[in-house]
Amino acid sequence: VGGCMHAVNAVTAPFRVSRRAMCLVRPPAHHATRNAAMGFCYFNNIVIAAKHALHTKRASRVFILDWDVHHGNGVQELTYDDPSIFYFSIHRGSSKREWFYPDTGRSDETGTGLGVGT
């Protein structure tokens, strides 16, 4: 978690330490929800980093691209009503005939409240 927050600080500081950062973290953490560890994920690193960038005013909006075979249900849950975070997930979906973990991330799940469409 600290490494992701440090990466945000490094690329957003007034006198940038770096122009780019990549955090190679395992597990990816996109299944961790507010109240539960899921799919081997304990802390949702990307959401913590995104909210850190917003809270410290280093960013006014954040785009999260999640490219994984599984939908990041934790990222969705933690950002669903937040208009300042746009979450875009590319994942394998479930069908009526076949369930696929975590059985979330359908095309009609587009946010709630102020977060609709973000």
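Reader: Which residues does Thr 79 touch, not counting residues up to four places away in sequence?

Author: Thr 79 touches Val 47, Ile 85 and Tyr 87, where contact means heavy atoms within 4.5 Å. This is a predicted model, in which local features need pLDDT of at least 70 and side-chain atom pairs pLDDT 80 or more, while totals for chains, interfaces and linings use all residues. Residues are numbered from 1 along each chain as its sequence is written, and side-chain values use heavy atoms, without hydrogens or water.

Reader: Why is Thr 79 called buried?

Author: Buried means under 20% relative accessible area, exposed over 50%, and partly exposed in between (1.4 Å probe, protein chains only). Thr 79 has 3% relative accessibility, so Thr 79 counts as buried. Its place is in helix H3; helices (H or I, at least four residues) and strands (E, at least two) are DSSP runs, numbered from the N terminus.

Reader: What makes Asp 82 and Lys 51 a salt bridge?

Author: The closest N and O atoms of Asp 82 and Lys 51 are 3.9 Å apart. A salt bridge needs a side-chain nitrogen of Lys or Arg within 4 Å of a carboxyl oxygen of Asp or Glu, so the pair qualifies. Asp 82 lies in the loop between H3 and E2 and Lys 51 in helix H2, so the pair ties together parts that are 31 residues apart in sequence. Asp 82 also touches Leu 54, Gly 115 and Thr 118, among others.

Reader: How many salt bridges does a search of the whole structure find?

Author: The search finds 2 salt bridges. Arg 106 and Asp 103 form one of them, with the closest N and O atoms 2.9 Å apart. Arg 106 is partly exposed at 41%, and Asp 103 is partly exposed at 25%.

Reader: What makes Glu 109 a polar-contact partner of Gln 76?

Author: The two side chains come to 3.0 Å. A polar contact is a pair of N or O atoms within 3.5 Å; within protein, one must be able to donate a hydrogen and the other to accept it, and residues adjacent in sequence count only if both atoms are side-chain atoms. Glu 109 and Gln 76 are 33 residues apart in sequence and 9.0 Å apart in space, C-alpha to C-alpha. A polar side-chain atom of Glu 109 also lies 2.9 Å from the backbone nitrogen of Gly 105. Glu 109 is partly exposed, with a relative accessible area of 26%.

Reader: Which residues make up the largest nonpolar core?

Author: The core holds 9 residues: Val 47, Ala 50, Leu 54, Val 62, Ile 64, Val 75, Leu 78, Ile 85 and Tyr 87. The term stands for a set of buried Ala, Val, Leu, Ile, Met, Phe, Trp, Tyr and Cys residues joined through side-chain atoms within 4.5 Å. H2, E1, H3 and E2 each give two or more residues to this core, and the largest share, 3 residues, comes from H2.

Reader: What covers the buried residues of H2?

Author: The cover includes helix H1 (2-12), strand E1 (62-67), H3 and E2. Among the buried residues of H2 (residues 45-55) are Asn 45, Ala 49 and His 52. Lys 57, with a positive phi near 65°, follows H2.
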